[in-house]
Amino acid sequence: MYEKLWNSHVVAGDPAGRALIYIDKHLLHEVSTPQSFELLRTNNLRLHRPATQLAVADHAVPTRVRTLPLPPGLAHDQVALLEANCTEFGIELLPLEDSRQGIVHVISPEQGFTLPGITLVCGDSHTATHGAFGALAFGIGASECGTVMATQCLWQNRAKTMRVKFNGILQPGVSTKDLILALIGKIGAAGASGHVIEFAGSVITAASMEARMSLCNMAIEAGSRTGLIAPDDTTFNYLHGRPRAPEGSLWDDAITAWRKLPSEPDAQFDQELTIDSSNIGPQVTWGTSPDQVGAIDAPVPDSSGGSSTEKARAYMGIEAGRPLEGLPIDYAFIGSCTNGRIEDLRAAAAVIRGRKVASGVTALVVPGSGEVKAQAESEGLDTIFRAAGFEWHNSGCSLCVAMNGDLIPPGQRCVSTSNRNFEGRQGPGARTHLASPATVTASAIAGCLADIRKTV
Amino acid sequence: MTKFSSISAHAISLPDDDVDTDIIYPARFLLITEREGLARYAFADRVSNGDKRIGADHSAPILIAGRNFGCGSSREHAVWALAALGVKVILAPSFGEIFRTNCANNGILAGIVAESRIAMLRMAADASEQLLVDLTSQTVSCKGEGVPFMIGEAERESLLNGWNETTRILSLYAQNIAHFEQNQRAEAPWLWASEAQKEYN
């Protein structure tokens with residue numbers, strides 16, 4: 001499939017063996033583009049195809065209180081700059097007051113901007129998310145965003161391919177978030193470096209688009225810029241009728257083309273891995289890299305894991321040899337481009353069953369988009385969360401990147417549905433444990449890291 | 001972009017593996033919309049926690065880093081902050097992929113040195129010895145002993161010539177792009193629907 005996507009986007013080659021790859025779509029947000037627009041201005045360049053660009057503010061926006069205009073400050077200025085740049089260059093922006101606003105990687109599929117067979121980039125490493133639709137999608141830097149805006153192209157080296165098949169039957173309460181964490185733990189944070197990962201197998205075939213997106217989202221945490229899943233009827237049913245999806249005869253033509261995208265039965269991969277998902281328990285990270293992860297009932301590794309293990313344990317304040325289960329927490333966060341979609345919120349709400357967040361724990365739900373929020377409210381999920389003691393926020397990246405005012409204090413412990421447990425990711429000195437929405441909710445109620453299998 | 005061919009300078013060794021871009025440039029400083037003057041934010045949280053191996057007050061033009069350096073977030077601020085520290089060359093056994101591209105786009109040499117050869121460079125850095133990094137021969141040497149490093153052929157050429165990739169694509173490949181677009185319009189018209197509608201109106 002990667003080969004097909006690649007071949008259909010080669011504009012030219014160079015003597016160094018690279019290919020100039022055509023970029024069909026570009027998502028913009030407020031953080032990674034100010035300097036890209038500056039690049040256009042400095043070089044006196046125009047935007048090549050405004051219609052292929054879509055902008056939204058998500059990283060810096062407050063989620064607790066969303067009164068507009070935003071209060072004076074850096075976030076206000078950054079969002080205002082995105083608005084001004086989009087106006088100047090003729091790019092469509094979904095404004096903060098619009099229900100379609102949200103995290104780039106949530107709103108793009110929601111609006112049908114993400115389509116199978118396309119190349120899609122964004123100045124954000126979690127752009128791999130869109131590979132769930134059979135799109136060649138990858139994160140880029142701000143300079144490259146400028147290059148894409150001016151030329152619609154990027155020089156790329158062809159990647160190697162890795163197919164990961166998830167077969168078997170998922171244990172109760174286990175989700176694709178647990179699968180991707182288990183994979184990262186198995187192959188390492190650079191295990192798929194230089195590779196495009198194609199996810200396949202019976203578990204993937206049966207998975208919803210939301211579940212597939214959670215999986216592809218974290219490909220970068222295994223070192224790969226791109227995760228891919230073959231488009232099928234689940235993909236097409238998700239996209240059909242979405243605002244920006246093709247309509248009428250174009251839809252029919254598109255479907256015909258998209259059905260040709262999946263890898264051929266005899267396709268060769270540089271690496272192949274088959275995982276029996278039945279053996280994967282709920283996963284929780286214990287360290288400061290996403291590959292420092294294990295099943296919730298497994299012991300935290302001792303110093304035989306090397307100096308980085310010891311350093312991570314020291315930062316996280318965890319002794320070796322104990323299981324993660326039972327470790328007291330201070331915060332619980334449900335949201336992000338990994339797990340901020342409607343299905344994630346449903347999975348979390350289903351765990352509550354009339355119980356309350358443990359005293360001393362601050363728990364937040366931050367929907368991935370205004371549309372997710374509205375849908376959740378129409379299903380009464382907000383009432384369930386609020387009654388249980390969860391804060392119910394407006395959409396944005398929030399505690400996944402902690403640059404909008406939502407912050408975990410130093411030394412405090414947060415169980416989080418986000419994608420990175422790096423040092424200081426949720427605030428200086430904050431300790432992050434990555435887990436699935438179900439595990440995060442069960443832990444919020446228990447007041448400590450909890451095994452979801454014991455409550456479902 | 002300024003051309004790069006060689007540099008003779010001191011180095012800092014930062015052997016930690018998986019140093020992510022959140023460590024290099026903490027997220028809360030991403031609210032800053034400029035690319036200049038970011039030196040004081042480089043490794044800011046580590047510095048304030050007493051880890052002063054590299055930061056605004058202690059730096060060198062050459063950085064000998066650990067495995068998977070610059071993994072994680074695509075933030076180019078990490079590269080701009082390193083550039084503001086005066087870093088011109090980063091040598092490591094491996095890099096985060098987006099970070100490596102960001103380096104190339106900012107005239108910073110990100111070279112891969114085999115794990116087995118990097119210890120010598122670390123010792124030289126720790127002993128405050130001068131290293132000579134030569135892009136033409138792709139070697140880094142200390143007291144006459146050379147160690148090869150790898151860099152993509154295209155990145156190498158771009159650094160040596162100080163090319164601006166964006167304007168270069170426009171001046172050399174405009175025809176190819178137009179040709180590609182003509183074909184795609186015919187083969188995948190759904191990707192051109194809104195523009196076609198506009199033209200029709």
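**Exercise 1: a residue and its core**

Task: list the residues that B:Ile90 touches, not counting residues up to four places away in sequence.

Solution: Taking contact as heavy atoms within 4.5 Å, B:Ile90 touches B:Leu63, B:Ala65, B:Phe69, B:Leu82, B:Phe95, B:Phe99, B:Cys103, B:Ile108, B:Leu109, B:Ala110 and B:Gly111. The model is predicted, so local features need pLDDT of at least 70 and side-chain atom pairs pLDDT 80 or more, whereas totals for chains, interfaces and linings use all residues. Residues are numbered from 1 along each chain as its sequence is written, chains are lettered from A and ligands numbered from 1 in the order written, and side-chain values use heavy atoms, without hydrogens and water.

Next, B:Ile90 is among the residues that touch the most other members of the largest nonpolar core, which has 83 residues; such a core joins buried (under 20% relative accessible area, 1.4 Å probe, protein chains only) Ala, Val, Leu, Ile, Met, Phe, Trp, Tyr and Cys residues through side-chain atoms within 4.5 Å. A second, separate core of 81 residues includes A:Trp251.

**Exercise 2: the sheet**

Task: in which order do the four strands of the open sheet in chain B run?

Solution: The order is E2-E3-E4-E5, with parallel pairing, where strands are DSSP runs (E, at least two residues) numbered from the N terminus and pair if DSSP finds at least two bridges between them. The edge strands, each pairing on one side only, are E2 and E5 (109-112) of chain B. Finally, E4(B) and E5(B) pair over four bridges, and B:Ile90 stands opposite B:Ala110 in E5(B).

Definitions and conventions
Buried means under 20% relative accessible area, exposed over 50%, partly exposed in between (1.4 Å probe, protein chains only).
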